[in-house]
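Take a look at it, and then we'll start with a pair of neighbours.

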Amino acid sequence: MEVSAWFIVVFVLMWITGPLTQVLFLITPKLHHRLGLTETNALKPKFKWFLLGERATAYADMTHLVSGIAFIWLALLGYKSALIFGLYSCACYVYFALMVISRWLLLTKHGLNPAPRGQLVVYIPYMVLFLLFGLYGLFYLWGLAQL
Amino acid sequence: MQPTLFTWALVVFGVVTLMPLIWAQLSMLIRPDSQETRDLIIGKGEDWRDKTHFKLALGAAWADWLFFAPLFVTGSIGVLLGQSWGYVLFGAAGACSLYINIILWFTEKEYVYPTRGPLRYFTYYWGFFVYWGALALAYSVVRISGIEL
């Protein structure tokens, strides 16, 4: 089984900007926040539950940090079992992006979003990118599964 | 890639585990503020931890109905038809179930576990979703790798 080099390159880029940044969040949340990767007001006490949700998501993202490594390694070796690890990451990207975009929109609508509008202008397209790549990835891997 | 007894067992386990969730999430989308929805989603007599908890739960309901439920239904049909794409979608549904329940372990366990106890928590309240997700994903790997089980 041969996975396209372009797909692997984009997959690695998504992996770096996604689950890898979550490692930073778990290890040094303040640095993650200072770099603008956490919602501006998320560290305020009134967003305690929101931050708990963010931390929980970061722990869950460690699964696709690992599945991403497994996918790249197995895909480079040409094993078909690579598909399922790519699939895991892509399915999580789509699910996570849908969940997060819905949440941001709902929180903004009710004035509860810890991210100001200026930050959302960057965050939402960033999540849309994960959504589109995840959908494309599922479609692409589906195609490979049928070979 | 014809379905085996194990395939059928996993699909039935998935239906039994996920149907109540899909029903509860539909209630969340239709009547998000009702007590019935709160009873279904966070437990009888419970209330949202705060306003962000409620919105986050509503976001998850949208993700379940837009992506997870269609993935599970089409994946199940696909595996029962013996199609390789079915295993891809079935595995993806398993991935979502596993992923969201890791999040719930960190956010909800301290509230749900003490009131429900270990037996209910590690079965139909939380455990079955993790077991089914892991099994569906692992089974898809096995079948896509060409091993019949």
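Let's begin where H1(B) and H2(B) pack together, at an angle of about 145 degrees and with axes 9 Å apart. Those axes are lines fitted to C-alpha atoms, for helices over the stretch in contact, and the angles run from 0 to 180 degrees between N-to-C directions. Helices themselves are DSSP runs of H or I with at least four residues, strands are E runs of at least two, and both are numbered from the N terminus. On the H1(B) side the contact is made by B:Ala24, B:Ser27 and B:Met28, and on the H2(B) side by B:Glu36, B:Thr37, B:Leu40 and B:Ile41; here, contact means C-beta atoms, placed from the backbone, within 7 Å.

Before going on, keep in mind that this is a predicted model: local features need pLDDT of at least 70, side-chain atom pairs count only at pLDDT 80 or more, and totals for chains, interfaces and linings use all residues. Residues are numbered from 1 along each chain as its sequence is written, while chains are lettered from A and ligands numbered from 1 in the order in which they are written.

Now stay with H2(B), which spans residues 35-42. Which of its residues are buried? They are B:Thr37, B:Arg38, B:Ile41 and B:Ile42, where buried means 20 or more other C-beta atoms within 10 Å of a residue's own, exposed means 12 or fewer, partly exposed is in between, and C-beta atoms are placed from the backbone. These four cover an arc of only 100 degrees around the axis, so they sit on the same side of H2(B); the arc is that of the directions from the helix axis to the C-beta atoms. That buried set packs against H1 (5-30) and H3 (51-80) of chain B. Just after the helix, B:Gly43 has a positive phi of about 110 degrees.

Stepping back, chain B has five helices and zero strands. Its radius of gyration is 16 Å, close to the 15 Å that the globule rule gives for 149 residues, so chain B is as compact as a globular protein of that length. The radius is taken over C-alpha atoms, and the rule is 2.2 Å times the number of residues to the power 0.38. Buried residues make up 40% of the chain's 149.

Finally, meet the partner: 34 residues of chain A are in contact with 33 of chain B. H5(A) gives the largest share of chain A's side, 14 residues.

Conventions
Two residues are in contact if their C-beta atoms, placed from the backbone, lie within 7 Å.
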